[in-house]
Structures are given as structure tokens and as C-alpha cells.
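Here is a short briefing to read alongside the structure below. It starts with a quick question and then goes topic by topic.

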Amino acid sequence: MLRIEVDMFSGRPNPVWMITEEEAARKLLGAAREMRAAVTKTGAGYNGLGFREVRVENILDDVRAPRGLPQKFAVGPTGKENLDAAGELARLLIETMPLRSEVRLVEHAVTPLDEKLRETALEWMQVTARLMRKPPGPPPPPPPPSNPLITTIPDSKCSQCQYEVSQYNPAFWNNPATQPYNNCYNYARNWRTNTFAQPGRAHGAGTSIMACNTVTAAAMADGLKKRCNCLPQSEYPRRLMALVIAPGYDYHWYRHQRGGFWGHKPGSTAARNYDSNGVLITDPQTCARGPYTNFCDFFYAGKSVVIN
Amino acid sequence: MRVELDVFSGRPNPVWQLDAQAAAALVALHDVLAAGTAWEAPPALGYRGFLYTIRSDGCRAYHGAVRTAQTILADPGYSIERFLIARLPHDWIGLVPMIEGMLRPRE
């Protein structure tokens, strides 16, 4: 007597039935011996959602399994090599599912056997086979390196996006070798180029027209993305920047820092985290900005953003 | 003499050269300023003053005072700033209204 279980459900009990006829059991075990490549240990193959394997178990102590077969085994795909054999043998086994079992098992209360279940099991088996035939996708990006100065946070404006905030570190910028040669764009992107970087210049897309749309286009040529166009983890570290404009004169950038405030570096002056009124900047849209009266937008800058 | 208008955040500040006659006039204006004590730190954004160098001494003229490495000079009539505004290169004339708007008398 064989116990057959199709391992396919996640919540409800799997379909289970017994093969009581000795001749039918012997035929199935014979087929399994013929298609040895399809026989595996239970739990050795696909372990995701949907069809995983058919489990076969001899439940009598006075019946020997055929030579080469264990008392309990599974039939299911473990890789491309045995897909065809496993599919054929699993189909043979599933087709033995009775439409109304003579042997009542506790599982049948929740998972009664019927034609629909049998068809579903066969369909799901095909789905798993297709899944295993697909070439593997690119490996997931490696996790970002651990850096105690950087924290990843969800974006409060679009929680599906994440970006990184850094420990405020003005001393990096406020020294004679750095301060005169790096501006707000360097600071906000967090890249000391010592070239007084200009939006778009690294990509031949600089602008001399000081307006939101022109500076935005120049910065996006460098690779900046509008906020809520989530950057993948592979762009770590991802900054949140804000752009403001003194219409017709100049632009200015801020960078979100760890601690909930914003940092900036006005031209060749010192980097700081307070506004024109000496107040800690918690929102670049509302802070004191002097002649930079136009707030343009927020942007993400991942590691692929190149400035000069 | 090299003069820089410290005003921008993103773009490079306007920089230009005074000819010998204008440089001499600037030195004359500078040399008659009396010592002062009041110095208002420039704001983060916008007009932050004019930068020039006299006798190797870096100077910042801002809001009616001139600050050097050693001292503060009072310029209540904004003579230095007005002199340099009048000599802004043509490309930067558009900045004049913004700068003059910030040359308000001290309260």
C-alpha cells in the first residue's frame, strides 16, 4: 500500500490518497525504478510556492520496496537535468488521484479529492517546470557595505523609496584645501571635485540660464532623478537633494543629513546646516533663503551621478 | 587689482580687475576709513560683500564695514561698496538692484 501526497499547498493540507491495490502500487514503483533520475529525497527540489513534489511512501512493514528505491521518496524537479523524467513520473502519480477516495483521511475534510484538484495539481506542475526552465536572472545586488556614518531611511514623501543620510561633517569641507574650490552642488551631491562643479557640465549640458527648468535639465543630465523615482539599492549611497533658484542670477542646492536636518554650502563659503536667519534647516522649502526665492524640486542622486 | 563680488552659491562669483587708476582710487577710499567695531556677518545666501587685497591684506567690504585679518574699518557711507558697484563689469549689471537692496542703513 502506498501513500501519495502532492506537496503543492502552503496553507491547507496537501492532497493525499492511498493506493491500496497491490498491482497498481507495483506498477507505479516499477515506473519509478525505470525513471530513477526523477526520484529524489523528499524536500530536495524546488521549495517555492506551488507544486514542489509528489511524495511516495510505502506504509506496510512487510512489503519490500523494489531494488534501488527507498521506502519513502519524492518525485519532482531538482534542476533542468531531471525536469522531463520528473514531470512524466509525477504526472503518472497525480493521475492516480481518486476522484472520490475509498480511504478517508483527515486531510480530506479540508482538501477533498476531486477532478478539479487533480487538474490543478497537473497545471501547477507545469508552472513549476516552466519556472525551472527559465534561465536564472541576474544575481541580486550585494548588500551595501556597512558604514557607521550612513543610514538608509524610507522617504517620508514616498515610502516605497529609500535613500541614505550621512552624519553631518562640515570639517571635511571647511578647510583651505577644499572650501574655496567646492560649492553647493559639490556638497549636496557629496563629491569633492575641487572644480566648483556645475550642473550638467560633466555631460556637456551646462546652462547659463538660471531658472528651475534649465538647471533641473542640466542636473538630470548628470544623472539626478526626480524624487519618488526610486533608485535601486545598487545606487547606494543615494542622496536626497533640493534645488532652489535666485531667478535670473544663480541656483543653490541642499542635502538631507542624518538627524532630520539639511546641510548646504553657499558658494566658496563654509558648509553649514542653518539658514540665512541662523535657524537649523529642517525644510528647504520653508527656510530663509535670501534671494533664492524659487523652490524647484527634490531629487535623488545615486552613486552613478557624475559631476564636474 | 583683483576684485570678487561674493554673491553666488552655485555659479562662480564675478571676478574682475580694476585698472591702475581705479585701484588707486579704491586704496585712497580704503585708507581714510576709521577703525570701527561693528561687523555684521554676511548671510549664507545672496550678497556677501566685495573681496579685494590691499598691501597683501585680504579685505571684505560688506554692509558699511570692511573687515581685514587684523581689523574692522567703519564705512558708514558705503563708499567702498558703492565704488565697486559702479565698476561692476557689464555682464553683471543685472546684480546691482539686488545688491543695492541689501545696502540698507544699519538699524
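Which residue of β5(B) does Phe50(B) stand opposite? In β5(B), Phe50(B) faces Ala61(B).

This is a predicted model, in which local features need pLDDT of at least 70 and side-chain atom pairs count only at pLDDT 80 or more, while totals for chains, interfaces and linings use all residues. Residues are numbered from 1 along each chain as its sequence is written, and chains are lettered from A and ligands numbered from 1 in the order in which they are written.

**Chain A overall**

- Chain A holds five helices and twelve strands; helices (H or I, at least four residues) and strands (E, at least two) are DSSP runs, numbered from the N terminus.
- Of the 308 residues in chain A, 33% are buried. A residue is buried if 20 or more other C-beta atoms lie within 10 Å of its own, exposed if 12 or fewer, and partly exposed in between, with C-beta atoms placed from the backbone.
- Taking contacts in chain A between residues at least 6 apart in sequence, 63% join residues at least 24 apart. Two residues are in contact if their C-beta atoms, placed from the backbone, lie within 7 Å.

**The strand β10(A) and its sheet**

- An open sheet of five strands in chain A has the order β8-β12-β9-β10-β11, with antiparallel pairing. Two strands pair if DSSP finds at least two bridges between them.
- At the edges of this sheet are β8 (225-226) and β11 (262-263) of chain A, each pairing on one side only.
- Strand β9 (residues 239-246) of chain A pairs with β10(A) in the antiparallel sense over six bridges, and Met241(A) has Arg255(A) of β10(A) as its bridge partner.
- β9(A) and β10(A) make a hairpin with three residues between them, and Gly248(A) in the turn has a positive phi of about 85 degrees.
- On to the next hairpin: β10(A) and β11(A) have five residues between them, and Gly259(A) in that turn has a positive phi of about 110 degrees.
- β10(A) and β11(A) run antiparallel and are joined by two bridges; His256(A) stands opposite Trp262(A) in β11(A).
- Both faces of β10(A) are covered, with Asp250(A), His252(A), Tyr254(A) and His256(A) buried on one side and Tyr251(A), Trp253(A) and Arg255(A) buried on the other.

**Where chain A meets chain B**

- In chain A, 20 residues are in contact with 15 residues of chain B.
- Two elements of chain A give two or more residues to the side that touches chain B, namely α4 (184-189) and β10 (250-256). The largest share, four residues, comes from β10(A).
- By class, this side of chain A has nine nonpolar, seven polar and four charged residues. Here Ala, Val, Leu, Ile, Met, Phe, Trp, Tyr, Cys and Pro count as nonpolar, Asp, Glu, Lys and Arg as charged, and the others, Gly among them, as polar.
- Gly290(A) sits in the loop between β11 and β12 (294-301) of chain A, and counts as buried because it has 22 C-beta neighbours inside 10 Å.
- Leaving aside neighbours within four places in sequence, Gly290(A) is in contact with Ser276(A), Pro43(B), Leu45(B) and Gly46(B).

**Helix packing around α2(A)**

- Helix α2 (residues 83-94) of chain A has twelve residues and reaches 16 Å from its first C-alpha to its last, close to the 16 Å expected at 1.5 Å a residue; the expected span is 1.5 Å times one less than the number of residues.
- The buried residues of α2(A) are Ala86(A), Gly87(A), Leu89(A), Ala90(A), Leu93(A) and Ile94(A). Their cover includes β1 (2-7), α1 (22-34), β4 (53-58), β5 (72-75) and α3 (115-133) of chain A.
- α2(A) and α3(A) pack at an angle of about 170 degrees, with their axes 10 Å apart. Axes are lines fitted to C-alpha atoms, for helices over the stretch in contact, and angles run from 0 to 180 degrees between N-to-C directions.
- α2(A) is therefore roughly antiparallel to α3(A), a label for angles over 145 degrees.

**The sheet of chain B**

- Seven strands of chain B form an open antiparallel sheet in the order β2-β1-β4-β5-β6-β7-β3, with β2 (15-17) and β3 (34-35) as its edge strands.
- Within chain B, strand β4 (residues 50-54) and strand β5 (residues 57-61) run antiparallel and are joined by five bridges.

Conventions:
Parallel < 35°, antiparallel > 145°, perpendicular 65-115°, else oblique.
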